[in-house]
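Trainee: Could we go through this entry together, one feature at a time? I would like to learn how each kind of feature is read before moving on to the next.

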Amino acid sequence: MLIHLSRIQRLYRSDEVETTALHDIELDIAQGEFLAIMGPSGCGKSTLLNILGTIDRPTAGTYRFGDEELTKLNETALARFRRENLGYIFQSFNLIDELTIEENIELALIYRNIPKPERRQRVAQAMDRVGIAHRARHYPSQLSGGQQQRAAIARAIVGEPRLILADEPTGNLDTENGTQVMDILQTLNDEGATIIMVTHSPSHADLARRRVDMLDGQIVISVRNAI
Ligand SMILES: Nc1ncnc2c1ncn2[C@@H]1O[C@H](COP(=O)(O)OP(=O)(O)OP(=O)(O)O)[C@@H](O)[C@H]1O
Ligand SMILES: [Mg+2]
């Protein structure tokens with residue numbers, strides 16, 4: 001198993017209210033899986049994805065990734081873990097406005113201390129893969145939404161992460177651009193990347209190999225798609 005979540009809980013506390021965003025989540029994810037997470041607004045999908053991405057910590061439970069128990073690591077060790085293993089794709093792209101597309105993608109490799117000549121080569125490859133090489137010197141605001149999301153995918157994959165986490169990657173895209181993004185994710189998965197994707201689109205969820213449905217902070221259904 002690549003990922004093993006056991007009794008994961010996430011409570012939010014304020015003075016007046018306590019919200020249980022996640023309630024005793026049990027989830028195993030094998031290397032090479034493509035998992036879709038669905039469920040109504042507020043059911044805990046992003047909270048779960050953020051915990052899987054170690055951007056957020058559970059208030060109880062354990063998260064094992066490979067041989068490592070991530071819930072025991074400090075912030076410095078977690079930052080290294082994220083750099084070496086994870087790629088993120090968000091609904092709102094999250095590119096840095098002041099950097100060109102190629103600089104945005106290159107940043108992921110600068111954080112990994114990869115030397116300049118290799119960075120150039122890998123950035124060029126990643127841009128080719130998602131079809132945005134012709135926009136390398138443009139700034140994010142000069143690109144369409146679909147192009148920005150493809151640039152964000154290039155940034156997520158340029159470091160060859162073991163796990164790609166995508167929170168509604170097609171949420172801000174029209175049908176055609178959404179289909180393109182799903183094609184890219186499927187190709188990455190066919191090549192061996194493990195992908196966990198939150199989506200509100202049943203047809204996009206059907207393209208994943210497995211689907212889990214959440215309700216009120218719990219996983220209620222898990223189905224394997226016939227792909
Ligand atoms: N920082 C926070 N403080 C308090 N409660 C929070 C916080 N973040 C999320 N929640 C609560 O946790 C629950 C789960 O939120 P989450 O963002 O995971 O939902 P979601 O399934 O991703 O919804 P959507 O489909 O709208 O994106 C919600 O009830 C939300 O109000
Ligand atoms: Mg969400």
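**Reading the model, from ligand to core**

Mentor: Let us begin with the ligand: 13 residues surround ligand 1, and the closest are S41, G42, K45, S46 and T47. Please keep in mind throughout that this is a predicted model.

Trainee: Which polar backbone atom lies 3.0 Å from an oxygen atom of ligand 1?

Mentor: For polar contacts one looks for pairs of N or O atoms within 3.5 Å. The backbone atom in question belongs to G44, while an N or O atom in the side chain of S41 is 2.6 Å from an oxygen atom of ligand 1. A nitrogen atom of ligand 1 also takes part, with a polar side-chain atom of Y12 lying 3.4 Å from it.

Trainee: Turning to the sheet, what is the order of its strands?

Mentor: Two strands are taken as paired if at least two bridges are found between them. Here the order is β2-β1-β4-β5, in an open sheet of 4 strands with antiparallel pairing. Strands β2 (18-29) and β5 (68-69) each have a single partner strand and stand at the edges, so one side of each is left without a neighbour in the sheet. Helix α1 (residues 45-52) packs on this sheet, where it touches β1 (3-13), β2 and β4, and its direction makes about 120° with that of β1.

Trainee: How many bridges join β1 to β4?

Mentor: There are 5 bridges between β1 and β4, which run antiparallel, and one residue pair to look at is S6 with its bridge partner T62 in β4. Strand β4 (residues 60-65) also pairs with β5 in the antiparallel sense, over 2 bridges. There R64 has E69 of β5 as its bridge partner, and F65 stands opposite E68 in β5. The hairpin of β4 and β5 has 2 residues between the strands, and in it G66 takes a positive phi near 60°.

Trainee: Which residues have a positive phi although they are not glycines?

Mentor: Two cases can be read here, and for each one checks the backbone angle, the element and the accessibility in turn. D24 has a positive phi of about 50°; this residue is found in strand β2 and is partly exposed, with a relative accessible area of 35%. N94 has a positive phi of about 55°, lies in the loop between β6 (86-90) and α3, and is partly exposed as well, at a relative accessible area of 39%.

Trainee: Is Q147 buried or exposed?

Mentor: The cut-off for a buried residue is under 20% relative accessible area. Q147, whose place is in helix α5, has a relative accessible area of 14% and is therefore buried. Leaving aside its neighbours within four places in sequence, Q147 is in contact with I132, H134 and R135.

Trainee: Which residues touch the most other members of the largest nonpolar core?

Mentor: A nonpolar core is read as a set of buried nonpolar residues joined through their side-chain atoms. The largest one has 37 residues, of which I101, I105, I153, L185 and L188 touch the most other members. Elements that give two or more residues to this core include β3 (34-38), α3 (101-110), α4 (116-130) and α6 (175-190), whereas α5 gives the most, with 6 residues. For I105, the contacts beyond four places in sequence are V123, M127, I132, A151, A154, R155 and V158. Apart from this core lies another, of 30 residues, among them L27, I37, F65 and M214.

Note on methods. Residues are numbered from 1 along each chain as its sequence is written. Chains are lettered from A and ligands numbered from 1 in the order in which they are written. This is a predicted model: local features need pLDDT of at least 70, side-chain atom pairs count only at pLDDT 80 or more; totals for chains, interfaces and linings use all residues. Side-chain values use heavy atoms; hydrogens and water are left out. Contact means heavy atoms within 4.5 Å. Axes are lines fitted to C-alpha atoms, for helices over the stretch in contact, and angles run from 0 to 180 degrees between N-to-C directions. A nonpolar core is a set of buried Ala, Val, Leu, Ile, Met, Phe, Trp, Tyr and Cys residues joined through side-chain atoms within 4.5 Å. Buried means under 20% relative accessible area, exposed over 50%, partly exposed in between (1.4 Å probe, protein chains only). A residue is near a molecule or strand if one of its heavy atoms lies within 4 Å of it. A polar contact is a pair of N or O atoms within 3.5 Å; within protein, one must be able to donate a hydrogen and the other to accept it, and residues adjacent in sequence count only if both atoms are side-chain atoms.
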